[in-house]
Every structure is written in structure tokens, then in C-alpha cells.
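Please walk through this protein with me, one element at a time. Keep the model open as you read.

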Amino acid sequence: MGKDASERTAVGWAARDAGGRLSPYSYTLRKTGPEDVAIKVLYCGVCHTDIHQAKNHLGMSKHEVVGEVEEVGAEVTKFHAGDVVGVVLIVGCHPCKSSNEQYCSKKIWSYNDVYPDGKPTQGGFSSAMVVDQKFVVKIPAGMAPEQAAPLLCAGATVYSPLKRLSIAAPGLRGGILGLGGVGHMGVKIAKAMGHHVTVISSSDRKRGEAVGHLGADAYLVSSDAAAMAAAAGTLDYGLYTVPAHHPLEPYLALLRLDGKLVVMGVIGRPLSFASPALMLGRRSIAGSFVGSVEEAEETLAFCAASGVTSQALERLERNDVRYRFVVDVAGSNLVGDAA
Ligand SMILES: NC(=O)C1=CN([C@@H]2O[C@H](COP(=O)(O)OP(=O)(O)OC[C@H]3O[C@@H](n4cnc5c(N)ncnc54)[C@H](OP(=O)(O)O)[C@@H]3O)[C@@H](O)[C@H]2O)C=CC1
Ligand SMILES: O=C/C=C/c1ccc(O)c(O)c1
């Protein structure tokens with residue numbers, strides 16, 4: 001039987017075993033339904049979560065996708081062929097009407113999940129995607145698409161808790177624990193909100209970059225007990241972006257009365273702290289998970305208005321990536337028949 005006119009083939013990169021090695025993989029996309037947007041993927045950011053996924057750390061690959069609209073369904077009004085758009089992590093939620101779709105029990109992940117029609121979701125390391133219009137965001141005019149990809153995940157991941165947990169007001173003092181892809185966006189966005197920002201890193205290697213380049217106000221090495229003690233009780237919040245287990249007491253001790261530690265790293269074993277570290281400062285530990293579509297749009301608008309960019313592009317050009325790899329999908333040889 002011949003292929004339906006609206007049925008497209010995509011080529012993606014897939015990890016087929018827990019070794020995490022990626023190899024090309026061809027598959028058929030679902031047909032572009034009335035509410036769908038068919039996207040030719042241009043760029044896809046690489047997050048530490050992709051390592052967790054590819055190596056099966058969590059037993060369960062990728063989002064942070066920017067592409068060009070190739071076709072829209074009959075009921076799509078917000079997007080047109082040629083628009084540059086982004087896709088965040090969640091690509092469906094039935095019949096949820098909330099704007100917190102990332103927390104909905106019926107959410108559909110952009111990878112390793114299944115649409116209601118039984119088709120699998122295959123992520124964004126791919127030549128093309130078909131996504132419901134509700135889960136597609138417009139990239140602001142003038143923003144380079146390769147810059148936008150990390151803002152959709154790493155950017156929204158820090159923007160969302162700062163706003164939702166009431167730690168966005170100018171003048172606050174914040175700590176960024178772990179200076180990787182998410183952490184570097186934390187420094188830039190918190191600085192753009194007018195915060196005093198301290199980077200707490202596992203080594204001294206990134207000091208020059210953090211303070212000189214990203215604009216952090218202070219830099220602590222977490223193993224330097226004297227410097228950590230001198231900074232005790234100074235922070236309104238800390239964003240824990242470390243993908244590994246560290247005891248939390250040294251970080252909790254940095255917080256002021258009512259300070260908040262927001263856990264964002266994906267760590268597959270229990271985190272630990274002794275309760276006085278929390279109680280004695282009326283501190284709290286919260287979790288936060290990516291950003292909703294609405295928050296991703298807000299993050300893009302905030303970054304465009306305040307001149308915040310991600311750090312991938314300029315480093316990619318120097319062949320020396322820190323802090324976000326962005327795969328030039330359209331420029332690679334991943335070619336499906338979506339064009
Ligand atoms: N909650 C959410 O919604 C999201 C969660 N994540 C998760 O956040 C975590 C960070 O992601 P991302 O920023 O992409 O990761 P990166 O690998 O880019 O950065 C992590 C940073 O953590 C620090 N670190 C400290 N100890 C370790 C260790 N043992 N191994 C590795 N890094 C260490 C390092 O910074 P330094 O050198 O400064 O110590 C490192 O650069 C991951 O677990 C990811 O899955 C990602 C996106 C969204
Ligand atoms: O169990 C958890 C998975 C978390 C997760 C966090 C961030 C992200 O980008 C993911 O794709 C998964």
C-alpha cells in the first residue's frame with residue numbers, strides 16, 4: 001500500500017541500548033491533523049537529561065527544538081508555513097486545560113511517550129516533528145533560532161521557579177549551584193532580573209568565566225569550607241542544577257531566614273540533609289520541572305527584551321562548547337522526506 005500524502009518519514013538519532021551510543025533511525029511521523037503543525041527541525045539543544053536518558057540512568061531522548069513550519073492543519077490559525085517555532089518538553093495533555101501542563105498526570109512527553117492514537121513520540125534529535133499547535137511557541141523576530149533552543153528548556157527551567165516561587169524581585173541574592181547548561185542560564189536570567197548572583201561550583205576552574213563573562217557577582221568553591229562559612233546566611237535562594245548527589249547541608253547553610261533551595265537536577269537516589277539545616281532557618285526545599293508553554297513564551301520575551309542569550313552559539317563557533325551544545329540538525333545529514 002502506498003504512503004499517504006501527509007505521512008512523512010523522519011530520520012532521528014536514537015540510543016538503542018544503555019551504552020548510550022546514538023545511531024540514525026528512520027520512522028514515520030503521524031499525519032498532520034487539523035490542529036497540528038509539521039516542523040522541519042533546525043536546531044536541537046542538548047541537555048544533561050539527554051545523557052540520563054541515553055544511558056538509561058532513569059530507566060526510561062529530546063526536546064529544546066527549534067524548527068521551521070512546513071505545513072499546518074486546517075484548524076491552525078496561530079502558525080503559518082515558514083514561521084520559526086519551538087517545541088518544549090511536553091507535546092500533549094488530554095484533556096487538560098491548565099497552563100501548568102508539565103505537572104499534569106496526562107501530559108505527553110516529546111520523547112519515549114505515546115500519543116492517544118498509539119503513535120510513539122520520538123523527540124527532537126530528528127529531521128522533523130508533528131506537534132499539536134497548543135504545544136508550539138513562536139520564536140521572537142530577530143532571535144537567532146540556534147540561540148532560542150536552549151532558552152526553551154534551560155532558560156524556562158530557571159525562569160519558571162524564579163517567578164512561581166516569588167524569588168524574582170530585583171535586589172534578591174541568589175545562588176546558582178552547578179555551572180552547566182541550566183546553571184549558566186540561571187546566572188544570566190537572575191542577573192537580568194537585577195539579582196546579586198553567586199555561583200557555587202565544584203572547582204575553581206570556572207571562576208573567570210562566571211564572573212568575567214557571565215556577570216556573576218561572586219564565586220564559591222563548594223569544597224572551600226572557610227569561604228562557604230563566610231557566606232552562610234546570605235542568600236535568598238539557591239538553584240540546585242547539579243545532576244549528582246551532594247549533601248544539601250552546605251547549600252542550605254548559605255540561605256537566609258525563609259530562604260528557598262530549588263532542586264532541579266535529576267538525581268536517581270535520595271537527597272540528604274539533617275533537619276536542623278532546614279528548621280533553624282525556616283528554610284524550604286522545593287522542586288521545579290521545566291517551564292510550561294506559556295512560561296517558555298514568557299522566557300523568550302524576557303530574554304529578548306533584556307538581551308539575554310544562551311552561551312552555545314559563540315562557543316560553538318570557537319569549537320569550545322560551554323555551556324550548551326546545540327545540534328545543527330538541518331545542517332547535518334539527517335534527512336527525511338519531510339521537505
Ligand atoms: N528540573 C528540570 O526541569 C530540569 C532538570 N534538568 C536536569 O538538571 C541537571 C543539570 O543539567 P545541565 O545543566 O544540562 O547539566 P550540565 O552537565 O551542563 O551541568 C551540570 C553542572 O553540575 C555541576 N556538577 C557538580 N557535580 C557534578 C557531577 N558529579 N557530575 C556532573 N556535574 C556536576 C557541574 O558544574 P560545576 O563545574 O560548576 O560544579 C556541571 O557543569 C541534570 O540532572 C538535568 O537532567 C535539566 C533541564 C530541566
Ligand atoms: O524523572 C524525571 C525526569 C526529568 C526530566 C527533567 C528535565 C528534562 O528536560 C527531562 O527531559 C526530564
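Helices (H or I, at least four residues) and strands (E, at least two) are DSSP runs, numbered from the N terminus. Just after helix α3, G194 takes a positive phi of about 90 degrees. The model is predicted: local features need pLDDT of at least 70, side-chain atom pairs count only at pLDDT 80 or more, and totals for chains, interfaces and linings use all residues. Residues are numbered from 1 along each chain as its sequence is written, while chains are lettered from A and ligands numbered from 1 in the order in which they are written.

The protein has 9 helices and 18 strands. Of its 339 residues, 45% count as buried. A residue is buried if 20 or more other C-beta atoms lie within 10 Å of its own, exposed if 12 or fewer, and partly exposed in between; C-beta atoms are placed from the backbone.

Start at strand β12, residues 173–177. It is mostly covered, with 5 of its 5 residues buried. R173, G175 and L177 point one way, and G174 and I176 the other way. Two strands pair if DSSP finds at least two bridges between them. β12 is joined to strand β13 (residues 196–201) by 5 bridges, and the two run parallel. Here I176 stands opposite V199. From β12 the chain crosses through helix α3 (residues 181–192) to β13, in a right-handed β-α-β crossover. Right-handed means that, with the strands pointing away from the viewer, the path from the first strand over the helix to the second runs clockwise.

β12 also pairs with strand β15 (residues 235–240), in the parallel sense over 4 bridges. L177 stands opposite Y240 there. Y240 counts as buried because it has 23 C-beta neighbours inside 10 Å. Y240 and V263 are 23 residues apart in sequence, yet 4.9 Å apart in space, C-alpha to C-alpha.

Now look at α3 itself. Is it enclosed or open? 10 of its 12 residues are buried, so it is largely enclosed by the rest of the structure. Among the buried ones are G181, H184, M185 and K188.

Next comes ligand 1. Of the 26 residues around it, H48, G178, G180, S201 and P243 come nearest. A residue is near a molecule or strand if its C-beta atom, placed from the backbone, lies within 6 Å of it. α1 (48–54), α2 (145–164) and α3 each supply at least two residues of this shell. Domain 1 (9–152 + 310–328) and domain 2 (166–287) each give at least three; the domain bounds come from an automatic or database domain assignment. The shell divides into 11 nonpolar, 14 polar and 1 charged residues. Ala, Val, Leu, Ile, Met, Phe, Trp, Tyr, Cys and Pro count as nonpolar, Asp, Glu, Lys and Arg as charged, and the others, Gly among them, as polar.

Finish with the backbone. Most residues other than glycine have a negative phi. N112, in strand β8 (residues 111–114), has a positive phi of about 55 degrees although it is not a glycine. N112 is partly exposed because 13 other C-beta atoms lie within 10 Å. D258, in strand β16 (residues 255–263), has a positive phi of about 70 degrees and is not a glycine either. D258 has 11 C-beta neighbours inside 10 Å, so it counts as exposed.
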